[in-house]
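Trainee: I am new to this structure. Please show me how to read its features, one at a time.

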Amino acid sequence: MTALSSADLITNLMIFVLATVLGQELIRHVSRLLHTPLMALTNAISSVSFIAALIVLAEPSSEDVSILAAIAVALAATNIVSGFLLTDRILRMFRRRKPDK
Amino acid sequence: MSDILVDSLYVVAALLFVLSLKFMAEVRTSRMGNFCGVGGMVIAIGATLLAYQSRSVDLLVGAVVIGAIVGSPIGLKVAMTAVPQRTAMSHAFGSLAVALVGAAEYYIDTPGIDPATLSVLCGEMVLGFLTFTGSCMAFAKLQGIISGRPILYRGRMFVSLGTLGVAVASAVYLVANPTQSLALLVLAGAALLFGFLLVIAIGGADMPTVIAILNSFAGISAAALGFVLDNRLLIVAGSLDGSSGLILGIIMSRAMNRSFTNILFGGVGAAAPAQSGGTAARVAQTYTPDDVVVVLRDARTVIIAPGYGMAVAQAQHVVKELSDALQARGIDVKFAIHPVAGRMPGHMNVLLAEAQVPYEQLWEMDKVNPLFPETDVAIVVGANDVTNPAARTKPDSPLYGMPILNVDKARTVVFIKRSMGPGFSGVDNDLFYLPNTMMVLGDAKKVLTDLLAALRNLRD
């Protein structure tokens, strides 16, 4: 399944380049106030590598390979859970000045 | 489950990830951004579970349960002062996950693997493994398990780059001889060693940039895994993460006026260099909190410049109380945030937000600097190098050219500091000796508490 045709490779390269350019534009506009929660958030998002481990677990393979994939699942799951929870916890702390009495 | 449906769901997930970052642009919409991220993740995982039936459900469920049990307390409980080390740890976990999936994919596809795929796979594994040990070392430094000072030795560059060379050479060998799986182990070992060597030679104050660079590496390795598995959602998510790390790294390194190469290989902060001549006899005037209150009593405008020392002393809550007490006297109070203050991008903002300082009171360096000449009192809490006027005035100083908070231009500078020692860069701070500077020595929390008490005792 993984023999890449050169057409696929070019398409994927196109996606990579466009997503990177888009990412640069998006991140440039993120308020500096939020750089810490931004890191927690993007880390959780990139732990979508979880699905890569799921795909590997679905392929016929030896026990050892399944264990490698299962460790990856546990690591990615930890990042996803802690990343989103922490991001929300930090974002809830940012508040405006209380209206004057 | 048709491929079309799964791919369509992946498109929705990718869109949600993009929107998630878009909503992070401002505080008002940021929580919506996080929810979009969660939504994208749920859809991505759901679609994958439908499309690929796991052959070892017990392993999968066990792994997810472990992840949830470990992840929840980290997300819910970690102290705001400890967020930099948790960030380093998350980069370690993410990159190791990606490297392990890469290794698993190698074992599954060999011997039928084609050279193009294997090349990307090797690059992905080198990056993943080096980011793993690099992030572990960053974690150890931030957590204080090992010294924050860079560990330097003769021939360091040669050893580090040699190790990286071994990793690259084994990758090339493996692509030429795909069945020689021993080369994979050499590759992994050399990449792990390189990450370790790279980060132990970098000092604590450079961590904001290092964390951002490791963030970028973790993202790029995830995107590379997307190439290997031909999974476009992973390519998109990895690229977004890689971009984020890169942009943050550029912002951090600009704020220190240093290049990535200098930060990664410069070994800055190893030992305090000898002071430049002619300054040996300088004496700083030290004051007590009671002296400071006399100045604050007549102030109309105050700017507080916090740094890593505030985090170490856990003084953010007292700082907020001081700000409230000053505001109650009709004084305008702002916080000046230097981009590299603290140990990760945005660290000070989070600590002050935790102490319930409204974010309108937090001012970026470029916006606050023009205000210092009209400011009565600037209070520096636990920051040092980022306030050193030598960065503007002394071309021979290692700090020269670094953008700083111009606190020295305020009418009076109150500098709260544990001791008279130099900052992380090893450079003495000219600010200490200016006639308008009042040095107050002591633990930041203690000094601020005393200052607060003295302020409340004022009768006028």
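Mentor: Take a crossing of helices: α4(B) passes α5(B) in a left-handed crossing. A crossing is left-handed if the near helix is turned anticlockwise from the far one by less than a right angle, and right-handed if clockwise. Helices (H or I, at least four residues) and strands (E, at least two) are DSSP runs, numbered from the N terminus. This is a predicted model, in which local features need pLDDT of at least 70, side-chain atom pairs count only at pLDDT 80 or more, and totals for chains, interfaces and linings use all residues. Residues are numbered from 1 along each chain as its sequence is written, and chains are lettered from A and ligands numbered from 1 in the order in which they are written.

Trainee: At what angle do the axes of α4 and α5 of chain B cross?

Mentor: Axes are lines fitted to C-alpha atoms, for helices over the stretch in contact, and angles run from 0 to 180 degrees between N-to-C directions. Helix α4 (residues 83–109) of chain B and α5(B) have axes that come within 7 Å and cross at roughly 155°. That makes α4(B) roughly antiparallel to α5(B) (over 145 degrees; under 35 counts as roughly parallel, 65 to 115 as roughly perpendicular and the rest as oblique).

Trainee: How do α5(B) and α7(B) cross?

Mentor: The axes of α5 (residues 115–143) and α7 (residues 181–200) of chain B come within 7 Å, at a crossing angle of roughly 40°. The two helices are therefore oblique to each other. Here α5(B) passes α7(B) in a right-handed crossing. Residues making the contact include B:F129 and B:M137 of α5(B) and B:L192 and B:F196 of α7(B); two residues are in contact if their C-beta atoms, placed from the backbone, lie within 7 Å.

Trainee: What is the strand order of the open sheet in chain B?

Mentor: Strands of a sheet pair through backbone hydrogen bonds, either parallel or antiparallel. Two strands count as paired if DSSP finds at least two bridges between them. In chain B, 6 strands form an open sheet in the order β3-β2-β1-β4-β5-β6, with parallel pairing. Strands β3 (362–364) and β6 (437–441) of chain B stand at the edges with a single partner strand each, so one side of each has no neighbour in the sheet. From one strand to the next, the twist averages 25°.

Trainee: How many bridges join β5(B) to β6(B)?

Mentor: Strand β5 (residues 412–417) of chain B runs parallel to β6(B), and 5 bridges join them. B:K417 has B:L441 of β6(B) as its bridge partner.
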